[in-house]
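Please keep the structure open while going through them.

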Amino acid sequence: MKQFDHDLVIIGGGPAGLTAGLYAARARLNTLLVEKIVPGGQILVTDWVENYPGFPEGLAGAELVQRMTDQAKRFNLPIESNEVLSLDLSQPIKKIRLSDREILAPAIIIASGASPKRIGVPGEDKFYGRGVSFCGTCDGPFFKNKVVAAVGGGDTAVQESQYLTKFARKVYLIHRRDKLRAAKILQERALANEKIEIVWDSVITAIEGQKDVESIQLQNRKTGETTSLPVDGCFIWIGITPNTEFLGDAVRCDDYGFIEANAHMETSVPGVYAAGDVRNTPLRQIATAVGDAAIAVSSAEHYLENLTL
Amino acid sequence: MADGIIEIDDSHFEADVIKAQQPVLVDFWAPWCGPCRAMAPVLEELHGSFGDRIKIMKCNVDDNPVTPAKFEIKSIPTLIFFKNGKVFEQVIGITTKSKLEDTLKKML
């Protein structure tokens, strides 16, 4: 009699989770993928993906998600819409507490991803959905001929600012330093775009308005000068924070909460692996997430083969 | 329920939502919105499980400018729950099926 429900449980249905599911299904592991909302993760809100190999013209993030999901399902990967509330990793057979039941599995791949980080300034929560946004593809079209601010300086901020110029007549890119971090090609496009004005060395200190966003308060980090900039919207792309609420202290994490895993994607607990954005990794891309996932499944397979219960 | 979710337009909003006998959930969406498309199967499932007890409808914000403006929608997907013609709750962005279920049950 089997003492557990699945060989492998994958937590999260973004690119890492779906790839892990694909590999695990092909390895004929009895696998369950648990996704909290809907498959896709952060690429769902990515307007256009042009650095994932095999798609020379690029494709919409949502389209890539659909393709990854279809591919995993073709090999009969079960995907359940459910939330992981907590993990008990104290025994070789791990307990995964879901919203409606508890399931048992010897191996787990955590691919729960990350979420956009909030700035933590007054007005940010109050105006969410009323001008404050974390998603250009969702909300950009509501700012036709309007003036918007975009906050950040990495790939997402710079690429999405470019996207916003399809709608907005002006995009102020607010960046805390005097140079951008984004990939050079993205920087070149942004600098060449007449609708984008970069506000260097500046941070947002407040988002203000009556019912909707009307202005943002800026502070120049070099001069200390404070100014008010009238805008209709404020898009925030200042980085990500790992989705690990369910984790507690079950596995070791770094100072920022990302799960520590080695080159085999092994965490501090045998049989538990991490893949994708939730891992402490030097680069967070779709291409790196799918690579992590393939390695994680291979490691899990070895672990399961050698497991004596 | 065999039928899918019905699209609603500006001209029928009053009759189909505000004056509806039962509670209504309206999904404001657009074809260009990836998260909206991803939410669609979840709403279809809820539509299937709640049947006639709760009306679930969707409103394309590109084709229907009046209604989204009236509810000051600036972000999609936005889901608005209506009970007796009044806004019962509003959810912005993608959200879990279980949270939507909880709100739908509260409206019954």
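1. Together, chain A and chain B bury about 1,900 Å² between them, and 62% of that area falls on carbon and sulfur atoms. The model is a predicted one, and the area, like the other values in this note, should be read with that in mind. In terms of residues, 21 of chain A are in contact with 21 of chain B.

2. Which charged side chains meet across the two chains in a salt bridge with an N to O distance of 3.8 Å? They are those of B:E72 and A:R130, and the count of salt bridges between chain A and chain B is two. Since a salt bridge is counted here only within 4 Å, the 3.8 Å of this pair is worth checking by eye. Residue pairs in polar contact between the chains number four, with both residues at pLDDT 80 or more.

3. On the side of chain A that touches chain B, the largest share comes from helix α3 (residues 136-139) of chain A, which supplies three residues. Sorted by class, that side of chain A has ten nonpolar residues, alongside seven charged and four polar ones.

4. Within chain A, strand β11 (residues 170-174) and strand β12 (residues 196-199) pair in the parallel sense, with four bridges between them. A:Y172 has A:E197 of β12(A) as its bridge partner. These two strands, β11(A) and β12(A), form a right-handed β-α-β unit with helix α5 (residues 184-192) of chain A.

5. An antiparallel arrangement is found for strand β13 (residues 202-209) and strand β14 (residues 213-220) of chain A, which are joined by seven bridges.

6. Two points of backbone geometry deserve a look. In chain B, the peptide bond joining B:I76 and B:P77 is cis, with omega at about 0°, and B:P77 lies in the loop between α3 (66-70) and β4 (78-83) of that chain. In chain A, A:N76 has a positive phi of about 65° although it is not a glycine, and A:N76 is placed in the loop between α2 (61-74) and β3 (79-81) of chain A.

Note on methods. Residues are numbered from 1 along each chain as its sequence is written. Chains are lettered from A and ligands numbered from 1 in the order in which they are written. This is a predicted model: local features need pLDDT of at least 70, side-chain atom pairs count only at pLDDT 80 or more; totals for chains, interfaces and linings use all residues. Side-chain values use heavy atoms; hydrogens and water are left out. Contact means heavy atoms within 4.5 Å. Buried area is the accessible area (1.4 Å probe) that two parts lose on being put together, summed over both. A polar contact is a pair of N or O atoms within 3.5 Å; within protein, one must be able to donate a hydrogen and the other to accept it, and residues adjacent in sequence count only if both atoms are side-chain atoms. Ala, Val, Leu, Ile, Met, Phe, Trp, Tyr, Cys and Pro count as nonpolar, Asp, Glu, Lys and Arg as charged, and the others, Gly among them, as polar. Two strands pair if DSSP finds at least two bridges between them. A crossover is right-handed if, with the strands pointing away from the viewer, the path from the first strand over the helix to the second runs clockwise.
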